[in-house]
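Please walk me through this structure, one feature at a time.

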Amino acid sequence: MNQSQSQSQGGQQTSEGRHEDDTALADFLASLMDYTPAIPDELVEHYLGKSGFQCPDIPLIRLVAVATQKFIADVATDALQHCKARQSATVKDKRDKQQKDKRPMDDLSKSLREYGVNVKHQEYFADSPSAGLDPASREE
C-alpha cells in the first residue's frame with residue numbers, strides 16, 4: 001500500500017508541476033502580445049509559410065521571432081569575439097591589410113559553424129573577366 005500511495009503522490013506532484021509549467025507558458029505567450037520583436041510578424045509568417053508551416057496564432061509567431069532574434073544576437077556576439085581574438089593574435093603586415101575586407105565574413109562563418117550552419121562564399125564576383133583589373137591592363 002505504501003508503494004501505491006507514493007506513486008499517487010508522485011503523480012500529483014507531476015500533475016501539479018505540469019499545471020504550473022502550462023500556466024507559466026500561457027502567461028509568457030500572452031505577454032508576447034504586448035511585445036514588438038525586432039523581426040516583423042509578416043516576415044516570420046512569410047518564412048514559416050515557405051517552409052510549409054501555416055500558423056494563425058500571433059503569440060506563436062512572435063515566439064519564433066524572439067527565438068530568431070536571440071539566435072542572431074548570439075551569432076553576432078560570437079563573431080565579435082572571434083574578431084577580437086583574431087585581432088589580438090595577428091601581427092599587422094601587408095597581407096593582413098589585403099585580407100581586411102574578407103575577414104569579417106570569416107569571423108561570421110566561424111560563429112555560424114559553431115551553431116551548425118555552414119556558409120560557403122565566393123572569393124570574388126565579376127561581371128566580366130576584366131573586372132577589377134587596372135584600366136591600363138584591360139587592353140586586349
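Q: Which pattern does the protein chain follow when read along the sequence?
A: Helices (H or I, at least four residues) and strands (E, at least two) are DSSP runs, numbered from the N terminus. Here the protein chain reads α-α-α-α-α, with five helices and zero strands. This is a predicted model, where local features need pLDDT of at least 70, side-chain atom pairs count only at pLDDT 80 or more, and totals for chains, interfaces and linings use all residues. Residues are numbered from 1 along each chain as its sequence is written, and side-chain values use heavy atoms, with hydrogens and water left out.

Q: Where in the protein chain is confidence lowest and where is it highest?
A: pLDDT is the predictor's confidence in each residue, from 0 to 100. Helix α4 (residues 94-98) has the lowest confidence, a mean of 52, and α2 the highest, at 94. The mean for the protein chain is 77, and 67% of its residues reach 70 or more. Over residues 1-12 pLDDT stays under 50, and the model has zero contacts there beyond four places in sequence.

Q: At what angle do the axes of helix α2 and helix α3 cross?
A: Axes are lines fitted to C-alpha atoms, for helices over the stretch in contact, and angles run from 0 to 180 degrees between N-to-C directions. The axes of α2 (residues 41-50) and α3 (residues 58-89) cross at roughly 90 degrees and come within 9 Å. That makes α2 roughly perpendicular to α3 (65 to 115 degrees; under 35 is roughly parallel, over 145 roughly antiparallel, the rest oblique).

Q: Which residues make the contact?
A: Contact means heavy atoms within 4.5 Å. Asp41, Val44, Glu45 and Leu48 take part from α2, and Ile58, Ile61, Arg62, Val64 and Ala65 from α3.
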